[in-house]
Amino acid sequence: MNTTKERIRRTASRLFSERGYRAVTMRNIADELGISVGNLTYHYPHKELLLEAVMDEELTTLPAGPCPGLEGLQQLLRRMLESFQETPFYFNEPDIYTQVPELRSRHAAVVDRLFGVLRDTLAAQVEAGLLRPELTGPMLERLTTLLMTSHVGWAQHNATWEPARQVSVEEMLACQWAALEPWLTEAGRAARRRLNGET
């Protein structure tokens, strides 16, 4: 069921992605929806509140806890990439955080939570014998940081280059697996081959 608030959030998210947060006005959003600005501001009195609502909605699509198995790890990495692709304005407009200061602390909390989910997912692979047992402590933190920051670099790369030079979700996922590959155990390599549909 598509409520008015859901339609507003989705339209705002699309316009923010297409034009950039700063360039989109409440009038633009209302016109796109075919409603009055008064109707729009009844649901979201300020553009900043709408931006926060878009972030909150996106968060519901991301896992809240560790994902089991290499398939779970792959789904987590893919969903994180898709999330960046669906809401690029959070990453391509860094000054958005000075315009909406509350968003900076909320976004930092989201990044910290996702970092924990990814780190714990990697640790679960170690416990399951799919990643090497040396992947603990500082090394686990470093690999998690590498994977997390690669998402931001990828999003900014795609925002900068013309479509022919952009990197797809699948290509980026393959790059992330290249970083994970040396950490796979024999059991992990076998699980990875099955995940790829290889014999």
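Predicted model: local features only at pLDDT ≥ 70, side-chain atom pairs only at ≥ 80, totals over all residues.
Visitor: How many helices and strands does the chain have?
Guide: There are 11 helices and zero strands. Both are DSSP runs, numbered from the N terminus: helices are H or I with at least four residues, strands are E with at least two.

Visitor: What makes α1 and α4 roughly perpendicular?
Guide: Helix α1 (residues 4-19) and helix α4 (residues 47-59) pack at an angle of about 100 degrees, with their axes 9 Å apart. Axes are lines fitted to C-alpha atoms, for helices over the stretch in contact, and angles run from 0 to 180 degrees between N-to-C directions. Under 35 degrees counts as roughly parallel, over 145 as roughly antiparallel, 65 to 115 as roughly perpendicular, and the rest as oblique. The pair is therefore roughly perpendicular.

Visitor: Why does arginine 9 count as buried?
Guide: Buried means under 20% relative accessible area, exposed means over 50%, and partly exposed is in between (1.4 Å probe, protein chains only). Arginine 9 has 16% relative accessibility, so the residue is buried. Arginine 9 belongs to helix α1. Contact means heavy atoms within 4.5 Å. Beyond four places in sequence, arginine 9 is in contact with Tyr44, Leu50, Ala53, Val54 and Glu57.

Visitor: Why is threonine 144 called buried?
Guide: Threonine 144 has 0% relative accessibility, so the residue counts as buried. Its place is in helix α9 (residues 137-160). Outside four places in sequence, threonine 144 is in contact with Phe115, Leu118, Arg119 and Leu122.

Visitor: Is leucine 135 buried or exposed?
Guide: At 1% relative accessibility, leucine 135 counts as buried. Leucine 135 sits in the loop between α8 and α9. Residues up to four places away aside, leucine 135 touches Val126, Leu140, Leu143 and Trp183.

Visitor: Why is the pair of phenylalanine 16 and tyrosine 21 called edge-to-face?
Guide: Rings of Phe, Tyr and Trp (its six-membered ring) pair if their centres lie within 6.5 Å; planes under 30 degrees apart count as stacked, over 60 as edge-to-face and the rest as tilted. A search of the whole structure finds one aromatic pair. Phenylalanine 16 and tyrosine 21 are 5.1 Å centre to centre, with 65 degrees between the planes. That makes the pair edge-to-face. Both residues are buried.

Visitor: What makes up the largest nonpolar core, and which residues have the most contacts inside it?
Guide: A nonpolar core is a set of buried Ala, Val, Leu, Ile, Met, Phe, Trp, Tyr and Cys residues joined through side-chain atoms within 4.5 Å. The largest one has 57 residues, and Ile29, Leu51 and Leu122 have the most contacts inside it. Helix α8 (residues 101-127) gives the most to this core, with eight residues.

Methods: Residues numbered from 1 in each chain as written. Heavy atoms only, no water.
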